[in-house]
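Please keep the sequence and the model in view while reading the points below.

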Amino acid sequence: MHTHVREDAIVLYGFAHDDERRCFEALLGAHGVGPALRAGHPLRLSPAQLSTAVLEDDLDTLCSVPGVGRKTAARS
């Protein structure tokens with residue numbers, strides 16, 4: 001579980017596996033990507049696929065996540 005607190009909301013995110021939660025929390029520092037978008041990545045990419053895409057600068061794979069464009073993917 002991860003709790004995200006803003007001044008206007010408290011949102012709880014749940015994950016089926018610890019590696020999904022760790023991946024989500026690692027992405028919290030990514031500029032220009034909100035928590036709702038970060039929570040959507042496990043639906044499209046496994047933590048291993050996401051790690052590989054970031055390490056290899058695979059923008060096409062990163063752009064397969066809904067809401068991620070080339071500029072956002074390039075920031076990874």
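The points below go from the model and its confidence to the fold, the helices, the salt bridges and one backbone detail.

1. Basis of the note. This is a predicted model, in which local features need pLDDT of at least 70 and side-chain atom pairs count only at pLDDT 80 or more, whereas totals for chains, interfaces and linings use all residues. Residues are numbered from 1 along each chain as its sequence is written, and side-chain values use heavy atoms, with hydrogens and water left out.

2. Confidence. The pLDDT is the predictor's confidence in each residue, on a scale from 0 to 100. Its average over the protein chain is 76, and 76% of the residues score at least 70. Where is confidence lowest, and where is it highest? The lowest mean, 57, belongs to helix α2 (residues 35–44), and the highest, 86, to α4. Where pLDDT is low, the predicted coordinates should not be read in detail.

3. Overall fold. The protein chain contains five helices and two strands, arranged along the sequence as β-β-α-α-α-α-α. Helices (H or I, at least four residues) and strands (E, at least two) are DSSP runs, numbered from the N terminus.

4. Burial and surface. Of the 76 residues in the protein chain, 25% are buried; buried means under 20% relative accessible area, exposed over 50%, and partly exposed in between, with a 1.4 Å probe and protein chains only. The chain exposes about 5000 Å², and carbon and sulfur atoms supply 53% of that area. Accessible areas come from the Shrake-Rupley method with a 1.4 Å probe, and for residues only the protein chains shown count as cover. Among the contacts with a separation of 6 or more, 23% join residues 24 or more positions apart, a contact meaning heavy atoms within 4.5 Å.

5. The strand pair. Strand β1 (residues 2–5) pairs with strand β2 (residues 10–13) in the antiparallel sense over four bridges. Two strands count as paired if DSSP finds at least two bridges between them. Together β1 and β2 form a hairpin, with four residues between them. In this pairing, H4 has V11 of β2 as its bridge partner, and V5 stands opposite I10.

6. In α1, the residues E20, C23 and F24 are buried. They cover an arc of only 100° around the axis, which puts them on the same side of α1; the arc is that of the directions from the helix axis to the C-beta atoms. In α3, P47, L50 and A53 are buried. Because the buried residues of α3 fall within an arc of 130° when seen down its axis, they line one face of the helix. The face turned away from that buried side carries the exposed residues A48 and L55.

7. Salt bridges. How many salt bridges are there by the rule used here? The count comes to three, a salt bridge being a side-chain nitrogen of Lys or Arg within 4 Å of a carboxyl oxygen of Asp or Glu. R6 and D8 form one of them, at 2.9 Å from N to O. R6 is partly exposed, with a relative accessible area of 46%, and D8 is exposed at 58%.

8. D18 and R21 join their side chains in a salt bridge of 4.0 Å, N to O. Both residues belong to helix α1 (residues 18–27), where they are three residues apart, about one turn of the helix. R21 is partly exposed, with a relative accessible area of 21%.

9. A bridge between two helices. D60 forms a salt bridge with R70, and their closest N and O atoms are 3.1 Å apart. Because D60 lies in helix α4 and R70 in helix α5 (residues 70–75), the pair ties together parts that are ten residues apart in sequence. D60 is exposed, at a relative accessible area of 57%, while R70 is partly exposed, at 48%.

10. A backbone detail. Which residue between α3 (47–55) and α4 (59–62) lies in the loop and deserves a look? D57 lies there, and its phi is near 50°, a positive value in a residue other than glycine. Most residues other than glycine have a negative phi. D57 is exposed, with a relative accessible area of 58%.
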